[in-house]
Amino acid sequence: MVEERYKMPVVQLYLNRLQKLVGKKSNKNKILSKIPFLGLDIEEQTNEYLRVEYSPNRPDYATDFGIALGLEGLFGIKKGMPKLLIKKGNYSLKVDSSVKKVRPYVTSIIAKNGTLDDETIRQLITLQEDLHFGIGRKRKKTSIGIHDFDKIVFPIRYTTVTKNHKFTPLESNKEISISDILEKTDVGKQYGPILNNSSKVPIILDDQDNTISFPPIINSALTSVSTNTSNLLIEVTATDKNAAEDTLAVVATTLQAAGFSLYSVKISGASNSTPLLKPKKIILSSDLTNNILGLNLSNAMIATCIKKSRIDATAMKNKIICSIPRYRFDIFGPMDLVEEVALGYGIENLKPTLPPSISVGEKNNVTKAIDSLSLIMIGLGFTEVVNSSLVSNEIQNQLTNRGNLDIIQVVESKSLEHTILRDAIMPGLLDTLSKNIHEQYPQKLFETGTVFSKGNPIQEDMHLAGISAHKDANFSEIKSILQTSLKIGFNIDTETKTASHLPFSKGKTAYILENNKIVGILGEIDSKVIGNFKIREQVKVVGFEIKLSGLIFD
């Protein structure tokens, strides 16, 4: 009984094609030896192709063009940042203020005079979908449209229309309304909720009112791309301007590497502007680099290593000034650059050494106590769950009917959904249950982890929570589990006292007391909460949550 795990993205690389992209100074054996040192894991290898797994934070590796750029650096064929050469284009995109309420940002670029074969189209589609899944947060944050430029009459505009608007969507030969797309097509059903049932939806139209795209759902059949296409329009719509331009930078860099010439699109209106896609500067210290890697490299040597990772670097007297290309949005600070130095230096050239300390590490008392408690819960038939401390307000407070309590909001969270620190573990366990309704019952889960409460500084405490879900689950069962686990492991006796506390049912809830001090809560989960989480109706859920800090350790 586990949640479906996210599978790392995989790209298929044809060796002959990749060798041509990298250049004459490479060969298949050299390429195979260097692939792992780009951070790529080889999943499958034949005489014709490789299948390699790459990190989602490197979507530029979704195509062989991006991987060729990396290999050129490691081989020393080309060093430094691959500069985007964007010519000034006589094209414009006007943004109507009505999009502010639904999907406020758009950015765009033109790619001309290129050649598309079936494999290049396949890889571009893979890149597009990987960007949708990663930085795009399943199209909620950003979505990309790739179009046949020659089918479009400029200027184009980004606006909104009612759901009665009709056009012929991609892979269709008949005109249908937006309402029908949202209600009757798979892609509409999957991504339509992103638009929050808005009465007006975003649309991109050309100067003759032809529909180009209905973001973030589907493109028009009119602008579909084929091997006969040589000129492309790329548009990215988003709820975040920086994310839109990061996404565009990846696609633009890939298309330039594929042989296309890039042209700007003038964007205006409703807080939108023409993208600059400029690199950012980060200063790197040689002391930090050498301390982390255990080396003694000069500033000049560090700069050389960074250039081999396709980043510009200039060695100064006491620092290295690095220029990070816009598509490398995975680099946030100096520590990320230290990793790039290691790649440029050659991971294979790093010599492992034993640390100078002669002391032997051991678990601290808190870890020992939690490990002991975990083993007891497992022995009682429970399965351990590990959820994130950064959670969504919907799961933590709304679905549990607790309301918006005194929450701790995370400033500038990288996630659109997970924006608060949890103050309880129980909601996460209920969410895990809701994702496993297809599994057999009984389902018994527990978790030990940190919860947070407001203070100066913010208070952190360790909690234990457990739930049991089956048709005969009851108060006595979960009370027995809690008392047994504390008695066996720590010789702690607890009592219960009637209480009222969401998400538990009235009349079936109790405080957990130790020496007349409240240390937790237990009871039967309210039926409305079970319904909110869409757990099976015939299933009862009981649970407990206690504060371990101050109970089994200080």
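Predicted model: local features only at pLDDT ≥ 70, side-chain atom pairs only at ≥ 80, totals over all residues.
**Group meeting: the largest cavity and its surroundings**

By class, the lining of the largest cavity comprises 6 nonpolar, 3 polar and 6 charged residues.

The cavity itself has a volume of about 130 Å³. A search of the whole structure returns 3 cavities of 30 Å³ or more. Which residues are closest to the centre of the largest one? Of the 15 residues lining the largest cavity, those are R58, Y61, G70, S309 and R310. In terms of secondary structure, α3 (64–74) and α10 (334–345) each supply at least two residues of the lining. The largest share, 4 residues, comes from α3.

Let me stay with S309 for a moment. S309 is found in the loop between α9 (299–308) and β19 (312–315). Is S309 buried or exposed? Its relative accessibility is 10%, and because the limit for buried is under 20%, S309 counts as buried. Leaving aside residues up to four places away in sequence, S309 touches R328, E340, L343 and G344.

A second residue that I would like to show is T289. T289 lies in helix α8, which covers residues 286–293. With a relative accessible area of 0%, T289 is buried. Again not counting residues up to four places away in sequence, T289 touches L284, I302, V338 and V341. For a sense of scale, the C-alpha atoms of T289 and F533 are separated by 48 Å, and these two residues are 244 residues apart along the chain.

I turn now to the nonpolar interior. In soluble globular proteins, nonpolar side chains tend to be buried together. Here the largest nonpolar core holds 48 residues, of which I35, I67 and I234 touch the most other members. Helix α7 (residues 241–257) gives the most to this core, contributing 8 residues. A second, separate core has 25 residues, including A369, I512, V519 and F544.

What does I35 touch, not counting residues up to four places away in sequence? The residues are L13, L40, I42, L50, V52, I67 and L71. Several of these names return when we look at how the strands pair. Strand β1 (residues 10–14) and β3 pair in the antiparallel sense over 5 bridges, and the bridge partner of L13 in β3 is L50. Strand β2 (residues 41–45) also runs antiparallel to β3, with 4 bridges joining them, and I42 stands opposite V52 in β3. β2 and β3 form a hairpin with 3 residues between them. As for β3 itself (residues 49–53), 4 of its 5 residues are buried, so this strand is largely enclosed by the rest of the structure.

Two further sheets deserve a place in the picture. The pairing of β7 with strand β14 (residues 232–238) is antiparallel over 7 bridges, and within it H147 stands opposite L233 in β14.

The other is an open sheet of 3 strands, with antiparallel pairing in the order β22-β24-β23. Its edge strands are β22 (390–392) and β23 (408–409), each of which pairs on one side only. β23 and strand β24 (residues 418–421) run antiparallel and are joined by 2 bridges, with I408 opposite L421 in β24.

Finally, the protein as a whole. There are 15 helices and 30 strands. The C-alpha atoms fill a box of roughly 75 × 70 × 50 Å along the principal axes. Of the 554 residues, 51% are buried. Among contacts between residues at least 6 apart in sequence, 70% join residues at least 24 apart.

To return to where I started, the lining of the largest cavity has 15 residues, with S309 among the closest to its centre, and S309 is a buried loop residue.

Methods: Residues numbered from 1 in each chain as written. Heavy atoms only, no water. Buried < 20%, exposed > 50% of the residue type's maximum accessible area, 1.4 Å probe, protein only. Contact = heavy atoms within 4.5 Å. Core = buried A, V, L, I, M, F, W, Y, C linked by side-chain atoms within 4.5 Å. Pairing = 2+ DSSP bridges. 1 Å grid on protein atoms, 1.4 Å probe; cavity = no way out; pocket = protein on both sides within 12 Å on 5 of 7 lines; lining within 4 Å. Points joined across faces, edges and corners; volume = space filled by probe spheres on them. Nonpolar A, V, L, I, M, F, W, Y, C, P; charged D, E, K, R; others polar.
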